[in-house]
Amino acid sequence: MLKSSNPVNTDDLTLVQFPFRQLAIELRQEKGYDSSGKSARSLVRGESLTIVLIALKGGATLHDHPAPGPATVLVLEGKVEFCGPNGEPKHSLVTLDSVAFPAGLLHSVHAVEDSLLQVVIGGRT
């Protein structure tokens, strides 16, 4: 089980459990979450794999940014609008919905309601 706020290095990775319920509570208690509506923690980080947990308050937006590698986003809680370049296409995702996209794709995420996302990024380009 993850024991600290430091990400696990993929070189050291064997089998790691992530207590998402507890991590979600911690993310939502972090300084700045109430004002920005955003909080994130890298769980695993390396050249071949990165896993990030993101908490978003309803109304918060992650503005356009490129994917550093091929990625998937899984909605663990809540509802978000996931948009590609220039806001199109727009996908409404709810709990347990997922989207996958290639490295470099410009995208944004808007939380329609309080949400928790797991982002898995493959090898960086």
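Visitor: What order do the six strands of the open sheet take?
Guide: In this predicted model, the open sheet of six strands runs in the order S1-S2-S3-S10-S5-S8, and its pairing is mixed.

Visitor: Which strands stand at the edges?
Guide: Those are strand S1, residues 8–9, and strand S8, residues 98–101; each has a single partner strand, so one side of each is left without a neighbour in the sheet.

Visitor: And what holds paired strands together, in general?
Guide: Strands of a sheet pair through backbone hydrogen bonds, and the pairing can be either parallel or antiparallel.

Visitor: OK, S1 and S2 then, parallel or antiparallel?
Guide: S1 and S2 pair in the parallel sense, over two bridges, and if you look at Val-8, you will find that its bridge partner in S2 is Val-44.

Visitor: How many bridges join S2 to S3?
Guide: Six bridges join strand S2, residues 38–45, to strand S3, residues 49–56, and these two strands run antiparallel. Among the residues facing each other, Lys-38 stands opposite Leu-56 in S3, while Ser-39 has Ala-55 of S3 as its bridge partner.

Visitor: Switching topic: where is Leu-96 found?
Guide: Leu-96 lies in the loop between strand S7, residues 90–94, and S8, and its phi is near 75°, which is a positive value in a residue other than glycine.

Visitor: Is Leu-96 buried or exposed, and why?
Guide: Leu-96 counts as exposed because its relative accessibility is 64%, and the cut-off for exposed is over 50%.

Terms used: Residues numbered from 1 in each chain as written. Predicted model: local features only at pLDDT ≥ 70, side-chain atom pairs only at ≥ 80, totals over all residues. Heavy atoms only, no water. Pairing = 2+ DSSP bridges. Helix = DSSP H or I, 4+ residues; strand = E, 2+ residues; numbered from the N terminus. Buried < 20%, exposed > 50% of the residue type's maximum accessible area, 1.4 Å probe, protein only.
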